[in-house]
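Please view the sequence and the model first, and then read the notes grouped by topic below.

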Amino acid sequence: MRTFGLDYGTKTIGVAVSDGLGLTAQAVTTVRRTSLKGDLAELSRLVKEHEVTRFVLGLPLNMNGSEGPRAEATRKFAEVLESALGLPVELWDERLSTVAAQRTLLEADVRREKRREVIDQLAAQFILQGWLDAHRPKTDGYDTGYDDDYDPEA
């Protein structure tokens, strides 16, 4: 089961996909928005190509956690996306995902032109990776050797 992470913007939609085990997210592409019908057709094509079974859509909250006009537009898009493609859509707090993506690209010394090409898909990757990390099972059968009640002072 693969999951798509989406960074939904006014001009583009950044797309990332999880690996088959749901451990890591990889950037896929940036969809240049044309029309709702065109956007959904392109996402549908990508869903089939990558065998995706769910979406995680970044919800742009304000820094204080409140929702503004972009969050409202994103919620509406989530409803349309779920209805049109028949896959579940989960909203995920995307605060600072674009900032983190920008910082990563600057630290990697990526040229300005290239940054503009990949910023949205890298933001989608950050959104999806955050969701994957939060939904990873707490125990995976690996014994760390530590007792949960361990007291180093005892």
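In strand β5, E90 is the residue that stands opposite V56. The model is a predicted one, in which local features need pLDDT of at least 70 and side-chain atom pairs count only at pLDDT 80 or more, while totals for chains, interfaces and linings use all residues. Residues are numbered from 1 along each chain as its sequence is written, and side-chain values use heavy atoms, with hydrogens and water left out.

**Strands β4 and β5**

- Strand β4 (residues 52-59) and strand β5 (residues 89-93) run parallel and are joined by 5 bridges.
- Strands pair if DSSP finds at least two bridges between them; strands (E, at least two residues) and helices (H or I, at least four) are DSSP runs, numbered from the N terminus.
- Between β4 and β5 the chain passes through helix α2 (residues 69-85), forming a right-handed β-α-β crossover.
- Right-handed means that, with the strands pointing away from the viewer, the path from the first strand over the helix to the second runs clockwise.

**Residue T12**

- T12 belongs to strand β2 (residues 12-18).
- T12 counts as buried because its relative accessibility is 10%; buried means under 20% relative accessible area, exposed over 50%, and partly exposed in between (1.4 Å probe, protein chains only).
- The side chains of T12 and D120 are joined by a polar contact of 2.6 Å.
- A polar contact is a pair of N or O atoms within 3.5 Å; within protein, one must be able to donate a hydrogen and the other to accept it, and residues adjacent in sequence count only if both atoms are side-chain atoms.
- Apart from neighbours within four places in sequence, T12 is in contact with D7, T30, V31, R32, R33 and D120, where contact means heavy atoms within 4.5 Å.

**Helix α4**

- V118 is found in helix α4 and is buried, with a relative accessible area of 17%.
- V118 and T29 are 89 residues apart in sequence, yet their C-alpha atoms are 7.7 Å apart in space.
- D133 also lies in helix α4, but D133 is partly exposed, at a relative accessible area of 39%.
- The C-alpha atoms of D133 and L23 are separated by 7.5 Å, although these residues are 110 residues apart along the chain.
- A polar contact of 3.2 Å links the side chains of D133 and R136.
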